[in-house]
Amino acid sequence: MGGFSFVGLDRRQTADAVGRFLGALVRRPSVVAQQALRLTAEELAILTRMSERSADPKDRRFADPIWSEQPWKTIMQSYLAFRDTVMETVDQVGLDEASADRARFGLMQFTEAVAPSNNLTTNPVALKRAVETKGASLVNGAKHLIDDLRNNGGIPSQVDRRPFVLGENMAATPGTVIRRTEQYELIQYTPVTKRVRSRPLVIIPPQINRFYFLDLAPGRSFVEHALANGQQVFLIAWRNPGPEHRNWSLETYVAACIDAMETVLSVSRTKQVNTLGFCAGGMTQSILLAYLAAQGRISSTPPRWR
């Protein structure tokens with residue numbers, strides 16, 4: 001899915017919902033008139049500096065004190081009034097709940113995109129920074145834009161990914177891939193203690209993240225912490241599925257977990273394993289354990305040192 005797939009909506013679904021909102025708006029001219037009057041009254045209050053409208057204290061876009069100065073305060077307040085009016089209108093046109101939610105999401109993308117903080121000419125913080133750096137901030141911004149267009153689908157990157165190298169300063173805990181299937185790779189990490197617990201630990205990370213969010217960097221690694229406490233650590237690294245894997249289901253992932261656990265049992269020559277799921281991996285784990293419990297394959301015996 002493209003566009004807004006991270007929340008389960010694609011461009012077509014969102015565009016259709018916004019279209020239904022606009023159609024409903026046309027059929028309710030009284031709503032349009034009422035909202036237009038409210039917005040006009042608010043804008044007049046803003047222009048005469050009588051408005052008390054302010055940004056959410058948690059909104060970092062307008063956290064700089066310069067937004068409390070004119071003319072930037074007027075620009076910010078006008079934007080907030082426009083945004084709030086648009087979003088409030090969704091609740092007044094009679095859409096069903098699903099369509100209203102999708103319309104809000106689509107309209108939110110638009111209203112957030114036109115925020116004054118996203119425009120150099122209406123962002124005093126960016127203008128101030130450009131003067132302070134003698135234009136260097138603008139050059140750097142242009143470089144980031146080109147890089148995002150080339151390498152990130154046009155979506156602004158949250159961090160500079162260039163300093164991070166897998167196996168060097170992230171995902172650096174020593175380990176070996178001991179099994180590879182269509183769905184996953186199984187990593188066995190090298191013990192660091194003289195003794196380890198007899199029952200190995202199989203970690204199930206979320207399918208929607210890379211496994212190394214559990215092994216970010218030395219000193220910030222759950223895997224490193226578990227090893228330091230005598231755990232035998234095995235971790236599933238999920239494959240990033242493509243369109244050809246559209247038939248994969250929760251059953252597919254549960255079966256993959258069982259396959260990984262059976263591999264660990266064979267490698268460690270034990271009869272039991274512990275499992276630990278994170279995020280969506282925890283949801284998968286709950287289904288996995290329910291299935292194994294139904295088969296009578298769950299035990300509560302504490303592990304031993306060896």
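**Note on the helix pair, the sheet and the cores**

1. Helix α3 passes helix α4 in a right-handed crossing, and it should be kept in mind throughout that this is a predicted model. The axes of α3 (residues 72-89) and α4 (residues 97-113) come within 10 Å and cross at roughly 165 degrees; because angles over 145 degrees count as roughly antiparallel, α3 is roughly antiparallel to α4.

2. The contacts between these two helices involve Tyr 79, Phe 82, Arg 83, Val 86 and Met 87 on the α3 side, which meet Arg 104, Leu 107, Met 108, Phe 110, Thr 111 and Glu 112 on the α4 side.

3. Turning to the sheet, five strands form an open arrangement in the order β1-β2-β4-β3-β5, with mixed pairing. The edges are taken by β1 (175-180) and β5 (274-277), each of which has a single partner strand, so one side of each is left without a neighbour in the sheet. Neighbouring strands are turned against each other by 25 degrees on average, direction ignored.

4. Both senses of pairing can be followed in detail. Strand β2 (residues 184-189) pairs with strand β4 (residues 233-238) in the antiparallel sense over five bridges, and Ile 187 stands opposite Leu 235 in β4. By contrast, β3 and β5 pair in the parallel sense over four bridges, with Ile 203 standing opposite Leu 276 in β5.

5. The largest nonpolar core has 19 residues, of which Tyr 184, Leu 186, Val 202, Ile 236, Trp 238 and Leu 288 touch the most other members. At least two residues of this core are supplied by each of β2, β3, β4, α8 and α9, and the largest share, eight residues, comes from α8. With residues up to four places away in sequence not counted, the contacts of Ile 236 include Tyr 184, Leu 186, Val 202, Phe 211, Cys 257 and Ala 260.

Key. Residues numbered from 1 in each chain as written. Predicted model: local features only at pLDDT ≥ 70, side-chain atom pairs only at ≥ 80, totals over all residues. Heavy atoms only, no water. Pairing = 2+ DSSP bridges. Axes fitted to C-alpha atoms, helices over the stretch in contact; angles between N-to-C directions. Core = buried A, V, L, I, M, F, W, Y, C linked by side-chain atoms within 4.5 Å. Buried < 20%, exposed > 50% of the residue type's maximum accessible area, 1.4 Å probe, protein only. Contact = heavy atoms within 4.5 Å. Parallel < 35°, antiparallel > 145°, perpendicular 65-115°, else oblique. Left-handed = near helix turned anticlockwise from the far one by under 90°.
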